[in-house]
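Trainee: I am new to this structure. Please pick a single part and take me through it closely, with the cut-offs behind each term.

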Amino acid sequence: MRRIIAVDVGFVATGIVVIDLADQGKMIYHGCLVTKPTTDKKSLYVAHDDARRMQELATGLQEVSVEFDTKRMVVELPHGGSKSARGCRCMALATGAIAATVAMLDLVVEYYTPDQTRKAATGRRMASKDEVVAAMGAIYPQILDISPAQAREAVADAAATFEAAKAGNLIRL
């Protein structure tokens with residue numbers, strides 16, 4: 001099987017698509033892993049809750065990879081342009097969870113920037129989320145039916161990551 005998993009990393013919402021390369025690049029799975037903070041803060045530190053959320057992310061990604069027997073992954077990684085220290089920390093945690101999952105599953109991986117994925121999707125580096133969703137919806141119509149918008153955008157970004165990877169080496173393997 002020649003399947004590849006494409007991921008848009010996020011602390012709250014991580015978009016995932018699985019593409020079957022042997023079936024003309026057909027999207028055989030799409031989903032969004034959503035992690036939510038606990039509402040019970042009585043005896044839980046924020047750092048503990050963040051660790052729990054990253055365990056959920058890693059476990060969810062592992063389940064998809066194992067279910068679809070993927071050996072390769074392409075990932076859109078944030079470039080660290082967060083507007084707050086908390087945002088930067090959360091993206092670093094999510095990036096670490098993805099990297100650890102890749103290592104534990106022994107996957108071959110390529111990383112892409114948001115600029116690369118937007119350009120691959122729309123032809124423009126500075127495209128909006130709506131433009132990426134529209135462009136990916138034209139290729140993968142099932143994306144347009146995803147709700148809520150946050151999940152639709154995350155899955156569209158994951159699909160755009162696959163489109164960016166078409167110019168890389170991993171797809172050719």
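Mentor: Start with Thr161, which is in contact (heavy atoms within 4.5 Å) with Val7, Val74, Val75, Glu76, Tyr112 and Thr117, once neighbours within four places in sequence are left aside. This is a predicted model, in which local features need pLDDT of at least 70, side-chain atom pairs count only at pLDDT 80 or more, and totals for chains, interfaces and linings use all residues. Residues are numbered from 1 along each chain as its sequence is written, and side-chain values use heavy atoms, with hydrogens and water left out.

Thr161 belongs to helix H5, residues 149-165. Helices (H or I, at least four residues) and strands (E, at least two) are DSSP runs, numbered from the N terminus. With a relative accessible area of 0%, Thr161 is buried; the term means under 20%, while exposed means over 50% and partly exposed lies in between (1.4 Å probe, protein chains only).

H5 also packs against helix H4, residues 129-139, at an angle of about 65°, with the two axes 9 Å apart. H4 is therefore roughly perpendicular to H5. Axes here are lines fitted to C-alpha atoms, for helices over the stretch in contact, and angles run from 0 to 180 degrees between N-to-C directions. Under 35 degrees counts as roughly parallel, over 145 as roughly antiparallel, 65 to 115 as roughly perpendicular, and the rest as oblique. The crossing of H4 and H5 is left-handed, that is, the near helix is turned anticlockwise from the far one by less than a right angle (clockwise would be right-handed).

On the H4 side, the residues that meet H5 are Lys129, Asp130, Val132, Val133, Met136 and Ile139. Their partners in H5 are Arg152, Glu153, Ala156, Asp157, Ala159, Ala160 and Glu163. By class, this contact has seven nonpolar, six charged and no polar residues. Ala, Val, Leu, Ile, Met, Phe, Trp, Tyr, Cys and Pro count as nonpolar, Asp, Glu, Lys and Arg as charged, and the others, Gly among them, as polar.

Within H4, Val132, Val133, Ala135, Met136 and Gly137 are buried. Their cover includes H5 and helix H3, residues 114-122.

The peptide bond from Ser147 to Pro148 is cis, with omega near 5°. Most peptide bonds are trans.
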